[in-house]
Amino acid sequence: MVPHLITALTGPINELEQRVLESMPAIERWFRLEWMEHTPPFYSSVDLRNAGFKLAPVDTNLFPGGFNNLTPEMLPLAVQAAMAAIEKICPEAKNLLLVPENDTGNSFYRSNLATLVRIFTQAGLNVRLGSMDPAVVGPTELAMADGSSLTLEPLLRTRGRLGLKGFDPCTVLLNNDLSAGVPRSIEHLHEQYLLPPLHAGWPTRRKSQHFKAYEEVAKKFSKLLGMDHWLINPVFTPLQSADFSAGAGLEELQTQVDTILNKTRRKYKEYGIQEKPFVVIKPDAGTYGMGVLTVRDAKDLAELGPRKRLGPVAEGEAEHQIIVQEGVVTHERVHDAVAEPVVYMMDRYVVGGFYRVHADRGVDENLNAPGASFVPLAFSQSSQLPRLGEKPGASAPNRFYMYGVIARLAMLAASYELEVTDPEAEIYA
């Protein structure tokens with residue numbers, strides 16, 4: 001299905017789609033060369049926003065949940081990508097230890113775990129679940145909605161290796177973003193692959209580092225296509241000095257909001273865009289769409305109380321580190337509800353995706369919030385099989401191929417980011 005795009009079909013994004021399709025051989029070669037120099041994240045998901053005049057990533061998750069939202073038709077792609085990823089890292093791998101979030105009470109998250117177990121089992125691995133939750137002291141059954149169950153077991157650290165009772169894995173796969181901190185049990189593992197690496201977790205990772213890397217990638221890609229990188233790149237600035245709990249940093253925040261709004265206004269004027277610009281203020285670390293605030297005028301910040309300037313943030317997050325980012329509206333609709341595409345990748349391959357849909361949110365608001373629903377994207381047949389010659393904006397395969405290209409740019413930016421923040425990088429330099 002192609003969602004309803006309420007902007008005109010002659011806007012810059014349709015021109016971008018056409019340029020991307022015409023440049024497909026050059027684009028795919030460019031990606032191949034990049035992957036010769038850089039290692040992709042083991043798996044990732046990217047939230048995109050299509051404004052009709054701009055298409056940009058607004059969040060990149062290196063510990064993606066939500067695999068349960070991929071359709072069964074997409075799973076063969078995921079299995080093949082998992083095989084390729086594991087073969088590259090540990091060709092002789094037999095056992096995979098999957099470490100989930102501590103909170104496994106959500107039935108949707110359990111379905112995500114079940115899907116991951118299925119993918120890696122079909123990729124030829126023995127898969128078991130090991131919990132970092134100290135409350136899990138023995139094998140614990142997790143009931144599934146379809147009547148099946150998963151078994152969660154306590155992690156066992158033995159002589160520098162992480163495993164379970166009677167289970168010694170070659171590879172440990174985290175599906176836990178470490179927002180609550182890094183347990184000592186998973187540090188300094190001996191001759192085991194930990195994926196993603198610890199510095200991909202939120203105690204180390206910062207969105208500002210990611211978007212700085214993405215800006216570099218977007219400029220390279222845009223030079224290849226002979227286009228303005230702003231069309232795929234949201235302007236941003238980090239702010240390290242805000243302390244909303246103490247009411248400090250308001251003046252600096254207002255200054256940065258004004259700066260981003262003015263840059264956006266100039267671009268809107270250049271492209272004849274009849275929209276009112278806005279910014280999104282969010283924590284520089286953390287996920288789940290928490291603590292996200294939409295602002296259209298810096299003066300509005302003064303009217304909010306210190307605690308309301310940024311909503312609740314996830315456990316362990318530093319509230320004084322924030323990012324001010326150009327807002328990108330979404331002009332896509334699924335059944336008259338606001339929607340945004342989310343693209344899933346494993347290794348360097350697009351394996352699927354879905355539309356996050358929220359009937360109670362506006363085009364300029366965060367959709368990653370309670371009440372969201374999910375409609376699968378048709379990536380199973382179309383992400384790598386665009387239909388050349390079709391009218392821009394009218395073809396699902398062409399639209400989804402373009403989404404996959406932009407998502408892969410964000411994935412490449414994540415690989416840049418992880419190289420820069422790797423604590424062992426200096427050892428090998």
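A disulfide is taken here as a pair of cysteine sulfur atoms within 2.5 Å. By this rule the structure has one disulfide, and that disulfide joins Cys90 to Cys170, with an S to S distance of 2.0 Å. The torsion about the S-S bond of Cys90 and Cys170 is about 135°, so the disulfide is right-handed. Cys90 lies in the loop between α3 (75–89) and β4 (95–100), and Cys170 in the loop between β9 (161–163) and β10 (171–175), so the pair ties together parts that are 80 residues apart in sequence.

Before I continue, a word on the model. It is a predicted model, in which local features need pLDDT of at least 70 and side-chain atom pairs count only at pLDDT 80 or more, while totals for chains, interfaces and linings use all residues. Residues are numbered from 1 along each chain as its sequence is written, and side-chain values use heavy atoms, with hydrogens and water left out. Helices (H or I, at least four residues) and strands (E, at least two) are DSSP runs, numbered from the N terminus.

Are the two cysteines buried or exposed? Buried means under 20% relative accessible area, exposed over 50%, and partly exposed in between, with a 1.4 Å probe and protein chains only. Cys90, at 1% relative accessibility, counts as buried, and Cys170 counts as buried at 16%.

Asn106 caps the N-terminal end of α4, with a side-chain oxygen 2.7 Å from the backbone nitrogen of Phe108. After α4 comes Gly124, whose phi is positive, near 100°. The buried residues of α4 include Tyr109, Arg110, Leu113 and Phe120.

A further site is Asp364, in the loop between β18 (349–358) and β19 (373–376). Asp364 is buried, with a relative accessible area of 15%. Which side chain does Asp364 contact? A polar contact is a pair of N or O atoms within 3.5 Å; within protein, one must be able to donate a hydrogen and the other to accept it, and residues adjacent in sequence count only if both atoms are side-chain atoms. Such a contact, of 2.7 Å, joins the side chains of Asp364 and Arg296.
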